[in-house]
Amino acid sequence: MRERKQAVLTKTALLAKRRETLSIDRDAVLLLIDVQEGFKDPKWGRRNNPCAEANIAQLLHTWRVSERPIIHVQHVSQEHASVFAPESPGIALQEFARPANGELLIQKRVNSAFIGTELDSSLKKRGATTLVIVGFTTDHCVSSTARMAGNLGYRTIVVADSTATFERRSADNTPVGPEIIHQIHLLSLEGEFAEVLDADGVLGLSQKE
């Protein structure tokens, strides 16, 4: 047990040391995924991380002030009953997260923002190599997009406190808390598909450039 604890502490120290030497270049794209009114619907149930929107707004402000690239992603459901159906008010981006000054808006119909969209080609045209991903939800569209981004060769950063998810139920109808789902999905991304940082960490690294 002592050896296992020491190994965890060593790994944590190495990660902290590595992050001290990292930076986020000026061409890093802030990718806002599905920051839409539909996620305010009570049908989703209990959610974790109530500060996600505030953290997203802070990052968005920083990227705008520093004139870094920003791409917005909007989910357009093909299901008429969805809160993200074209005719539903839930499809709208939340007011604070709407595109400004020519920022690119991409619409998607599935979980990954890379499928059936111009995201990859737009990133390549910009010469972008780094994505900083925020939005909703941790276990669906954020995770799906981050996994594809990592596999496509982008340096991918998922901002842990700038995403969130909702309580779900297992096959036997047992409730699973959103905090658990959130952490498990971030852990599965870390090191394999993406770097997982918090908003303060991203802001600190972006100021090194």
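Among contacts between residues at least 6 apart in sequence, what share joins residues at least 24 apart? In this chain the share is 79%, where a contact means heavy atoms within 4.5 Å.

Hi everyone! Before going on, a word on what we are looking at. This is a predicted model, where local features need pLDDT of at least 70 and side-chain atom pairs count only at pLDDT 80 or more, while totals for chains, interfaces and linings use all residues. Residues are numbered from 1 along each chain as its sequence is written, and side-chain values use heavy atoms, with hydrogens and water left out.

Let's start with the whole chain. You can find 6 helices and 8 strands in it; these are DSSP runs, with helices being H or I of at least four residues and strands being E of at least two, numbered from the N terminus. Of the 209 residues, 46% are buried. Buried means under 20% relative accessible area, exposed means over 50%, and partly exposed is in between, using a 1.4 Å probe and protein chains only.

Now please look at helix α2, residues 52–65. Its 14 residues should span 20 Å at 1.5 Å a residue, and the end C-alpha atoms are 20 Å apart, which agrees. The expected span is 1.5 Å times one less than the number of residues.

Which residues of α2 are buried? They are A52, E53, N55, I56, L59, L60 and W63. They cover an arc of only 160° around the axis, so they sit on the same side of α2; that arc is taken from the directions from the helix axis to the C-beta atoms. On the other side, A54, H61 and V65 are exposed. The buried residues of α2 pack against several elements, including β1 (29–33), β2 (70–75) and α6 (199–206). After α2 comes E67, with a positive phi near 60°.

Next, T145, in helix α4 (residues 138–151). T145 is buried, with a relative accessible area of 0%. Leaving out residues up to four places away in sequence, T145 touches L31, I33, N111, S112, A113, F114 and I133.

N111 brings us to the largest pocket: N111 is among the lining residues nearest its centre, along with W44, H75, S82 and F84. A pocket here is an open set of points on a 1 Å grid over the protein atoms alone, where a 1.4 Å probe fits, with protein on both sides within 12 Å along at least five of seven lines; lining residues have an atom within 4 Å of a point. The largest pocket is lined by 20 residues and holds about 380 Å³ of space, the volume being that filled by probe spheres set on the points.
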